[in-house]
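Q: Could you take me through this structure feature by feature, giving the general idea before the particular case?

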Amino acid sequence: MADIINVPTLSHLIFLPLIGAIILLILPFKKNKIINWFSFLYSLVPFYYSMIIFMKFNPGGGMQFQEKQIWIKAFNIYYNIGVDGISILLVLLTNFLIPLIFLSSFKYIQEHLKMYYISFFILQTGVVGSFLALDMFLFYVFWELMLLPMYFIIGVWGGKRRIEAAIKFLIFTAFGSFLMFLSILYIVSYNYFQKNVLDFNLFSYYNMQLPQLAGTLCFFGFLLAFAIKVPMVPVHTWLPDAHTEAPAGGSIILAGILLKLGTYGLIRFIVPIFPKISYQYFPILLILSVLGIIYGGFLSFAQEDFKKLIAYSSVSHMGFITLGIFSLNFYALNGAVLQMINHGLSTGTLFLLVGMLYERKHTRMIEDFGGIARVIPTFTAFFIFVSLSSIGLPGLNGFWGEFLVLLGTFQEKKIYAILGATGVILSAAYLLTAIKRVFFGEVKYPENERFSDLDLREWILLISFSIPIVWIGIYPKFFLSKISPSLEVYLNMIKGFLK
Amino acid sequence: MMEIEALSTEIFLTFLGFLIILIQSFIPKLKKIFVPLILISLLFSFYLTIEKPKGFFFYDIYYVNSFSLFFQIGILFGLFITILISQSLLKKDGLERGEVYSFMLWASVGMFLMASTDNLILIFVGFELLSLNLYILTGYYKETQVSQEAALKYFLLSSFASSITLFGMAFYFGETDSLTLASKTPTYLLIFSIVLMSSGFIFKLSLFPFHFWAPDVYQGSPSYITLFLSTLPKFATISVLIKIFYTFLPNLFFLYQENSVKVLSIIAIFSMFIGNLIALVQKDLKRMLAFSGIAHMGYLFAGLIASSDMATKSVLFYGFAYIIMTMGGFAVLGIIGGGENEPRLLNDYKGLGYVYPFPALVLTFSMASLAGIPPFQGFSAKFFLFYSLIDAKLYFLAIIGILNSILSIYYYVRVIYFLYMKEKEEVLPLNLNFYSLLGLAIIFVSLIYFGIFPQYIFERATKAVEVFIGFF
């Protein structure tokens, strides 16, 4: 028994949140304060465990902490989980963001508090499970587990048009994932006809040899599911709505983690399973990525709603990540994985800050502010700091991700790097313009004079976010050294498939 | 003696029905003991059923094997939940009389017979025993017009369908000189007889083109009857259809492969589309569930068309999952709501998720399960089913099925949205007592448990199909 408690395993990371949800459901807590603090303190446990696992993680060790147990015997489905350099940081980020989201919700969420935390706990189980699952069936179960909690988070605690946004989110995501489901079933049954074994292990399907037409269809089945989640350009339309209408915590987890599942899926599933087919489509995917960067940037520029601005900037930043993945270059891939973390931190914090503004004035329109730097100077300082990190100022985290992606892409395909680099300029343009309009100049509305500056809770939140932002910015090697050995192996594998 | 033992559950349930009617007529004061009595008897029947000697009885027309046991246990399980749920609802409308339970028990005996024979006469006797009781049950609310209308519609259409089945059976006898379902050299007359026979059963499954009765009858009858009517008869009918398809489809495939699959696929595809598309615009929850049931039978029928071993196992699993999911839906519609003659409009359920957390949670889970979202049972069922479709190379059906699942998410989730995301206006009364709470708890646990660990039921289904293959 002592062993189970002392040594955190990956199963702990997956199921602790679920147990938390069950405890919350059963225990007759009535007071908001108790529920708040219980959830917050409880969510620190998975975070603590994931830190221990991160410390114990051996960069050169490939897939680690593996657990394998038969689950559904008739179909040879295993409960098979493990972590490697691609997923370790994402798991850490997830467990890092959840306590902060809870802390940020103390004031914002007043209704149906229990359900709010239960939704988040189940969501956390789904997300961490998807990052860790090595069995396709298991992955799909965790992947779909996220659907309803997120629907609830947007639909119950969201803004005015929340129902529309929630339904849109649900239909888009379900559409993609059901087609992925069909593709999984097809490749499994194809494998069964070839080898006469039912097998759901993800790695058996790497470099899958499929007939041309069926392969292409399955490729698109997977691609659609992940591209919707990323979101890549033609299927991004659900994101601005979902972001805008979700409560601050929902936006943070959406931007911080859920979108990363899409890019994680691209790395873990699409490129290795269909290396040849994806290689054929790389030019199109690269163009879509660049299009996302530029289009997202321009759209951000035109937004009046602060949250929408950040939502479109997400489209733009996620474009960098997909650009890095599809360039098939070592630096670019490193940059892409690091950029997933960076985007989670920077954009997450931006949503948090906008949420704080919303708590003060109950509006998200850029118009309604103006000149408030004089009223709330510390808040402004943090806002500018985080925006600069998002823009990619050297010395802060955003720089390294974008720099590595552009460097790697430039080595492979110059034109995409050049076009992509305009995104950096655009992001500076829209964020700085927005900052100017919101924080500087004369105080436009007299009621804004009464804004209070940061309180203790907000200080703790912002400082916690700032630590990794500066850390990655100054010493990225600490994180890169954890991920790059796995990525090197991964890249060699893909290149081997393509030969 | 062995033969009596083989029929023990059927005999026991029949006499239990009589006993209840007798108590009702002569000592009406003992009304209170009905439900505990039946529940204990049902637990005893579980034991009796499991202990049945296996083999063939009564000159080989009745058999006990894992195939028939799978259905019998499934039916008992469903009956158990039905009895648990019905009591509080009957009481609410002041209609608690023993007859309802008796009719349900006798209907189950009919289903038992359908599942455990391949003799056409016995199948028909079981089928009629079932239908007869269902006619009475649908019309149980004598005073209300909707219930009368539903009963009449059901009676007319269903008896018409039964007579067509009987007509087909007569042709079958004329052509083959035997009343046993067994592989025969196909002739036109044989095929004609099979088509006629199947139509009656397809009617009971409310598949296209015989689906028109379902929404009206479901809407008209009280929730606890709908709960019974919409699940168990379908489950039992599946057993008959499996027998027919398993026996004849391989031969038909051999002769008219292309066409028979095409014709049957049309039934499956149209059922899916009609069910889902019309369910999208329903305002009455009972009607919505009726159309969703049509769509689900469409998925299931696709599995029947495949008629491979894998597909048949999946169909059995799907049938069982369908019982639990649909029962969850109708049970909550009965428990939250006014009198049974009042409609169950989606609008009335606004914001009730916070007023009645547990029943609403069961409804939510049932809807998610029907939509095929993991980790609920409906997801495992869909997984097995679609896998077996792809395995049987029926790609087109699989794709259509998946597209329909996507379509269906919208209306299932809309229920959740009304429950949790709308402001509550007027609060419907709750009719929950100990029994119905237990019933809901059983549904709740099975939805999750059999969703995460489908192994056990799937193994049972595998065994059922294995016996069945050796048999023909």
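A: Let us begin with how elements are counted: helices, of at least four residues, and strands, of at least two, are DSSP runs numbered from the N terminus. In this predicted model, chain B has 18 helices and two strands, and the secondary structure of chain A comes to 19 helices and two strands.

Q: What does the radius of gyration of chain B say about how compact the chain is?
A: The idea is to compare the value with the globule rule, which is 2.2 Å times the number of residues to the power 0.38. For the 472 residues of chain B the rule gives 23 Å, and the radius of gyration is 21 Å, close to that value, so chain B is as compact as a globular protein of that length. Along its principal axes, the C-alpha trace of chain B spans about 65 × 55 × 40 Å. For chain A, with 499 residues, a compact globule would have a radius of gyration near 23 Å, and the 22 Å of chain A agrees with this.

Q: Which share of the residues in chain B is buried?
A: A residue counts as buried if 20 or more other C-beta atoms lie within 10 Å of its own. By that criterion, buried residues make up 57% of the 472 residues in chain B, and 58% of the 499 residues in chain A. Apart from neighbours within four places in sequence, B:Leu285 is in contact with B:Leu333, B:Arg344 and B:Leu346; the C-alpha atoms of B:Leu285 and B:Leu333 are 8.0 Å apart, although 48 residues separate them in sequence.

Q: How should I read the packing of H12(B) and H15(B)?
A: Two packed helices are described by the angle between their axes and the distance between the axes. Here the axes of H12(B), residues 285-306, and H15(B) come within 10 Å and cross at roughly 40°, and the crossing is left-handed. On the H12(B) side the contact is made by B:Tyr299, B:Ala302, B:Gly303 and B:Ala306, and on the H15(B) side by B:Leu385, B:Ser388 and B:Leu389. Sorted by class, these comprise five nonpolar, two polar and no charged residues.

Q: How many residues of chain B are in contact with chain A?
A: The contact joins 25 residues of chain B to 25 residues of chain A. On the chain B side, the elements giving two or more residues are H15 (377-391), H16 (395-421) and H18 (455-471), and H16(B) provides the largest share, with 11 residues. That side of chain B divides into 20 nonpolar, three polar and two charged residues.

Note on methods:
Residues are numbered from 1 along each chain as its sequence is written. Chains are lettered from A and ligands numbered from 1 in the order in which they are written. This is a predicted model: local features need pLDDT of at least 70, side-chain atom pairs count only at pLDDT 80 or more; totals for chains, interfaces and linings use all residues. A residue is buried if 20 or more other C-beta atoms lie within 10 Å of its own, exposed if 12 or fewer, and partly exposed in between; C-beta atoms are placed from the backbone. Two residues are in contact if their C-beta atoms, placed from the backbone, lie within 7 Å. Ala, Val, Leu, Ile, Met, Phe, Trp, Tyr, Cys and Pro count as nonpolar, Asp, Glu, Lys and Arg as charged, and the others, Gly among them, as polar. Axes are lines fitted to C-alpha atoms, for helices over the stretch in contact, and angles run from 0 to 180 degrees between N-to-C directions. A crossing is left-handed if the near helix is turned anticlockwise from the far one by less than a right angle, and right-handed if clockwise.
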